[in-house]
Amino acid sequence: MAERPRYRVEDGRWCIDINVRQARQLFDSRDPSPFRERDLDEDAVEYLLGAALEIPRSKPLAVVITIAEPAEAPLTEAVIAEAMRAHFAYQLEQTGHRLSEHVRRGRSFLIVGVTVLAAFLTLAELTHALPAGTMRDILREGLVITGWVAMWRPLEVLLYDWRPLVDERRQVQRLLDAPVDVRSAG
C-alpha cells in the first residue's frame, strides 16, 4: 500500500497546511501587541520550521492557513499574512545576530585558547632544564596535552557549532520567502 505524502504540491509549491478554528490561535495569546506586530504561537512556529526541514531544500514552499470560523474584523487575510512575514523577518534578523555573536565569541575563545596553548607549550619546552627522568617526561606531556585541550572548545565553536544556526537561518528564510495563503474552511 503506497504511503500518502505528508505535504501536498499546489502550483509547483510544497504546501505546509495549518488548520485552525479561529485566526487568533495563530498568535501568542500572552502578547498584547496589535496582531501585525504580535508574536506567532510557539507551536505554530515550531511546526512551520519542522515542516520546512522535512521538505527538500530545492522545493519551493507555500504556507496555507485554513480557518474554520469567519475571521474577526482586525484579522483579515492580509493582516495574518503580514503578521507571518513580520514574525519570520524578525526571527531571521535575530538568527543573524545570534550567528554573528557566536562567531565573535568563537574568536574570543580562539584568542584565549591560542594564548593558553602557547604558554603551556613554552612551559613544556622549559621542562628540558629539569633533570632527566620519568617525572620530567610526565610533566612535559601533561603540559602539552593541557595546552591542546585548551584549544578544544574554540575549535568546536568555530568548526562545528555554527552550522545549526546557519541551517536555522536558511529555514527561516525559506518560510519568509514562501507565499502565505489564508483561506476560510467554508
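Reader: Hello! How much space lies in the largest cavity?
Author: This is a predicted model, in which local features need pLDDT of at least 70 and side-chain atom pairs count only at pLDDT 80 or more, while totals for chains, interfaces and linings use all residues. A cavity is a set of points, on a 1 Å grid over the protein atoms alone, where a 1.4 Å probe fits but cannot get out. Searching the whole structure turns up one cavity of 30 Å³ or more. With grid points joined across faces, edges and corners, and volume taken as the space filled by probe spheres set on the points, the largest cavity holds about 40 Å³.

Reader: Which helix supplies the largest share of the lining of that cavity?
Author: Residues are numbered from 1 along each chain as its sequence is written, and side-chain values use heavy atoms, leaving out hydrogens and water. The lining (residues with an atom within 4 Å of a point) is made of V63, M84, R85, F88, L175, L176 and V180. Helices here are DSSP runs of H or I with at least four residues, strands are runs of E with at least two, and both are numbered from the N terminus. At least two lining residues come from each of α2 and α5 (163-177), and the largest share, three residues, comes from α2.

Reader: And by class, how many charged residues does the lining have?
Author: Ala, Val, Leu, Ile, Met, Phe, Trp, Tyr, Cys and Pro count as nonpolar, Asp, Glu, Lys and Arg as charged, and the others, Gly among them, as polar. Six residues of the lining are nonpolar and none is polar. The number of charged residues is one.

Reader: Nice. Let's turn to α1: what do its buried residues pack against?
Author: Buried means under 20% relative accessible area, exposed over 50%, and partly exposed in between (1.4 Å probe, protein chains only). In α1 the buried residues are A44, V45, L48, L49, A51 and A52. They cover an arc (of directions from the helix axis to the C-beta atoms) of only 160°, so they sit on the same side of α1, with E42, D43, E46 and L53 exposed on the other side. The buried set packs against β2, β3 (61-67), α2 and α5.

Reader: How far does helix α3 reach from its first C-alpha to its last?
Author: α3 runs over residues 134-149, which is 16 residues. The expected span is 1.5 Å times one less than the number of residues, and for α3 this gives 22 Å. The reach in the model is close to that, at 22 Å.

Reader: Why do the buried residues of α3 line one face of the helix, and within what arc do they fall?
Author: The buried residues of α3 are R136, L143, V144 and G147. In general, an α-helix has 3.6 residues a turn, so residues three or four places apart point the same way. On the other side of α3, T134, M135, I138 and I145 are exposed, while α2 (77-126) is included in what covers the buried residues. Seen down the axis, the buried residues line one face because they fall within an arc of 95°.

Reader: I was looking at H102. Is H102 buried or exposed?
Author: H102 lies in helix α2. Setting aside neighbours within four places in sequence, H102 is in contact (heavy atoms within 4.5 Å) with V157, D161, W162 and L165. Its relative accessible area is 9%, so H102 is buried.

Reader: How far apart in space are the C-alpha atoms of R107 and L158?
Author: R107 also has its place in helix α2, and at 55% relative accessible area R107 is exposed. R107 and L158 are 51 residues apart in sequence. C-alpha to C-alpha, their distance in space is 7.7 Å.

Reader: By what distance are the C-alpha atoms of A81 and L126 separated?
Author: A81 lies in helix α2 and is buried, with a relative accessible area of 11%. Beyond four places in sequence, A81 is in contact with V180 and V182. Along the chain A81 and L126 are 45 residues apart, and their C-alpha atoms are separated by 67 Å.

Reader: One last thing: in which loop does D11 lie?
Author: D11 is not a glycine, yet its phi is positive, at about 55°. With a relative accessible area of 78%, D11 is exposed. Its place is the loop between β1 (8-10) and β2 (13-20).

Methods. 1 Å grid on protein atoms, 1.4 Å probe; cavity = no way out; pocket = protein on both sides within 12 Å on 5 of 7 lines; lining within 4 Å.
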